[in-house]
Amino acid sequence: CTCLRGYKGKQCAQVEFCQLQDCPSNSHCRNLDAGYECVSNATFDGVNTTLSYRLRVPRGLPLAGDALQPPDSLTLTYRSKTGGTLFRAVLPPGGGGGGGEQSVFSVGAYKEQVTVEWRLAGREPALQRMRARDHLHWTTLRFTLHAHRAEIHGVFVEADGHEEAGFVAAIDVAAWQQLVTDGDIHLGGVRRDYLPPATTAITLQPENSTDLAVLEYTEGAQYAADNLDGGYFKGCMGAVHVGSLLLPFFTEEELFVGSAAGLLAAQPHYALLSGRGWGAAEGVGCVLCLEQDCERGGHCADVRSSYACACPPGYVGDHCETDVDECQENKCQNGATCQDGVAMYTCICPVGFEGELCEVDRDECASSPCANGGTCSDAAGGFSCRCPAEWRGARCDEPRRRRCAHRPCARGARACRDQPPDPPTGNNYTCECLEGFEGVHCESAFCEVEPCVHGVCVAEPPEPRCECEAGYTGRRCEAERDECAEAGAAACLHGGRCLDQRAGFRCDCTRTGTTPRHATTTTTTTTTTTTTTTTV
């Protein structure tokens, strides 16, 4: 027989589905005995990429007669530098998973470490760990269940098919099979509504074992805990099979098109219910570096083979998150301080040095720092002055014998007179002070030496003074005024009695035959006196 396209065999009875059916872009078709599968890679961004599945077993359709064989294996292919939750199956309470408790089977990875945890049919939770040789390249995990021994075997499968043993543990195979056929399956992480209640247990007991598996702290232990709780996976996944059935990265609408659509839809299959791989709409496949993760102007130079961003000068790290401290290897000289910058550093030079690395000893004598005829001598980081006989100081700016020509007197001096050394001070001059100023150089007003009692000191030439508060007088405002005495008999009319008060007085009109009609108080403040008049 000459077979039409898509059929083969002596009687053209064998169907080559990949000849009849096209797979979505960025995937390739692989023929199966009773159908085909579209295999592709998907990227998970580690932020919110989750793919959720449910097994569909069509009933009453022509090609659904053969009963679905219970799955006895789980195979995952992935590539990641950090990891996350790879696979998680959840069967809610009451769904056949052990009465009032949900059943869970979870596979997570952190670098080389793979952590497998399960809790099935209400039994104690169990945990196993495996360590791969390499986590940066494609890794294939296979878990095989043996019903007659009630065991699960975990292995790494190398590219040549060689299997490297990981662990063997007891498990309820029937409960696991019910979990993956009746429950929800998630790749890349778990939506919050699927997470189980938090637990504080720190030891886990493998099923059918009396030995406690004590969880020792190792690198990545905190990440493993996050993965078991459904933390998002960052990296790429390839083919994932539960038994012989693929978990596709495409929806049923995308897969079941063309002449074989009805034929394939009638076969048991896992359906993608929600979620899409990162960049799936653009058909990006596996991307190891995401531009959105690059910081500080970095970018992905090779998204297919490198996890790291290409960083601008001055930054390092997978995401350019670290500012390089260029001062760790600086060449600053002469005790300079290194100041870190972006892809550079600056040398802060000590006094007397300059240059990019502070390597130049500045000639301080070039600016003629020595005054009054002093001779300058340059030194390392400084200078020295050799002064004439009449001058002293670091810059020869202090006279050895001060005279009135050097203006030694302060603002409160009336005059300066050159005269033989004054015995108390040893000065060759005398400052004559204005009234109210004192001190060797007439530098202090009297009210600065001894403050005003009830007033404010005004220490300004030509005559400092105390401005008194109302009701006080005296040079330092130390005396309270008697306004009745100052006003005399005119203070109160018709024989009224004057009563002194602070800042004024009051008239007592008792037995005078008069009543107070009005009172006027006038207060005048001068340098040291205040006058208050009250009329009644």
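A polar contact, as I use it here, is a pair of N or O atoms within 3.5 Å; within protein, one must be able to donate a hydrogen and the other to accept it, and residues adjacent in sequence count only if both atoms are side-chain atoms. My helices (H or I, at least four residues) and strands (E, at least two) are DSSP runs, numbered from the N terminus.

This is a predicted model, so I kept to pLDDT of at least 70 for local features and 80 or more for side-chain atom pairs, while totals for chains, interfaces and linings use all residues. Residues are numbered from 1 along each chain as its sequence is written, and side-chain values use heavy atoms, with hydrogens and water left out.

**Entry: helix 2**

I looked at the start of helix 2 and found a side-chain oxygen of D172 within 3.3 Å of the backbone nitrogen of A174. Then I asked which residues of helix 2 are buried. For me, buried means under 20% relative accessible area, exposed over 50%, and partly exposed in between (1.4 Å probe, protein chains only). In helix 2 (residues 173-182), the buried ones are V173, A175, W176, Q177, L179 and V180.

**Entry: D482**

I found D482 in the loop between strand 37 (479-480) and helix 7 (483-487). A polar atom of the D482 side chain lies 3.3 Å from the backbone nitrogen of C484. D482 counts as partly exposed because its relative accessibility is 38%. I also checked D482 against A503: they are 21 residues apart along the chain, and their C-alpha atoms are separated by 8.9 Å.

**Entry: disulfides**

I count a disulfide when a pair of cysteine sulfur atoms lies within 2.5 Å. By this rule I get 19 disulfides.

C294 and C309 form one, with their sulfur atoms 2.1 Å apart. Both cysteines sit in the loop between strand 19 (269-274) and strand 20 (315-316), 15 residues apart. The torsion about the S-S bond is -90°, and the link of C294 and C309 is left-handed. C294 is buried at 13% relative accessibility, and C309 is buried at 7%.

C332 is joined to C347, S to S 1.9 Å. The torsion about their S-S bond is about -85°, so I note this disulfide as left-handed. C332 lies in the loop between strand 21 (322-323) and strand 22 (337-340), and C347 in strand 23 (residues 345-348).

C365 is joined to C376, S to S 1.9 Å, and with -80° about the S-S bond that link is left-handed. What about C509? C509 is in no disulfide, and the nearest cysteine sulfur, that of C507, is 6.0 Å away.
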